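Dear colleague,

Please find below the structure for your review. A short account of the findings follows it.

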Amino acid sequence: MNAGELQVLPVTGMPEIAQGMSVGEEIAARLELQEGDVVVVSQKIVSKAEGRVRQLSSVLPGGEARRLAAVLGKDPALVELILEESREVLRAERGLLIVETRHGLVCANAGIDSSNLPDEGTVSLLPEDPDASARRIRAELSKVVGVIVSDSLGRAWRLGQSEIAIGCAGLAPLDDWRGRADANGRTLEATAIAIADEIAAAADLVRNKASGVPATIVRGLGEYVTDDDGPGAKALQRARGEDLFR
C-alpha cells in the first residue's frame, strides 16, 4: 500500500453476538490485524455483548413518559427508556425526542433502536461507557491498534445519517491544525479535523444495515494510532459553554 492510501476491510463471518461474548476475540479470529490498524465496531454488537438489550414489556413507564408518548405517538415503554438514558430533553416533536444522553451525545431517542435484534419487542441501548467499551475491545485484540465504537446519527441541517465515533481507544480522535500553516502559508485558526468520526464514516462504506458485517478494519492511518488508550471520543464533544445552537 502506497503512502496516502487507505484500505477498508470488512470483517466477515461474525456470529450473532450475545451477552458475555468477547467482541475483540471474535474479530481477531477472522482477520489478521496489523499494528497501526483501526478496528471500527458497530455499537449494536457492543451493546449486545454488554447486555444492553431490553424487553419493552419489562419497562414500567412513569407519568412523564406517558405524557410524552401521547403527544408523540410513541410506545410509553420506549419513551421511559429514552428518559432514563438522557440528561436533558432538547426537543419533543414530530414523533422524535432529541436528547442529550448521559454520555453527552445529542441524538434522537437517546440512540435506542430495534434494528438488527433477533427478538421482537426488544431494543438496544447505547453502551454504558463507549470509551470504556473501546478500551476493553482493544485489550482483547492484544495489538497496538486503534478501536472505534461507531453509531449512525442524524445531522442538523442535512439529510441522512452518518457514522460517528461514540467511543474510541488507542487513537488520536482530533487532529488539531490550529497554529499550523495552510498551503499558502496562512495560519489556521479554527481547523481541527475529527479523525475518529471520519474513520467511522469511511468504515461504514463497506457495510450496510442488512449486510451482517458489524466490524471493519481501516488500514493506512497508523500515524493516528497511539500506544496508550488516549482521551477517547469524549474529546470530540463540544463544551456546553461553546455550544451556539442551544
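A network of salt bridges links Arg 52, Glu 85, Arg 102 and Glu 128. Please note that the model is predicted. In total, the structure contains 18 salt bridges.

Among the individual pairs, Glu 64 and Arg 67 are joined by a salt bridge with an N to O distance of 2.8 Å. These two residues lie three residues apart in helix H3 (residues 63–72), so about one helical turn separates them. Glu 64 is partly exposed, at 41% relative accessible area, and Arg 67 is likewise partly exposed, at 45%.

A further salt bridge pairs Glu 88 with Arg 240, whose closest N and O atoms are 3.1 Å apart. This pair connects distant parts of the chain, 152 residues apart: Glu 88 belongs to strand S4 (residues 86–93), and Arg 240 to the segment after S12. Glu 88 is partly exposed, with a relative accessible area of 30%.

Glu 93 and Arg 94 also form a salt bridge, with 3.5 Å between the closest N and O atoms. Glu 93 is partly exposed at 41%, whereas Arg 94, at 78% relative accessibility, counts as exposed.

Phe 245 is located in the segment after strand S12 (215–219) and counts as exposed, at 60% relative accessibility.

With kind regards

Methods: Residues numbered from 1 in each chain as written. Predicted model: local features only at pLDDT ≥ 70, side-chain atom pairs only at ≥ 80, totals over all residues. Heavy atoms only, no water. Helix = DSSP H or I, 4+ residues; strand = E, 2+ residues; numbered from the N terminus. Buried < 20%, exposed > 50% of the residue type's maximum accessible area, 1.4 Å probe, protein only. Salt bridge = Lys/Arg side-chain N within 4 Å of Asp/Glu carboxyl O.
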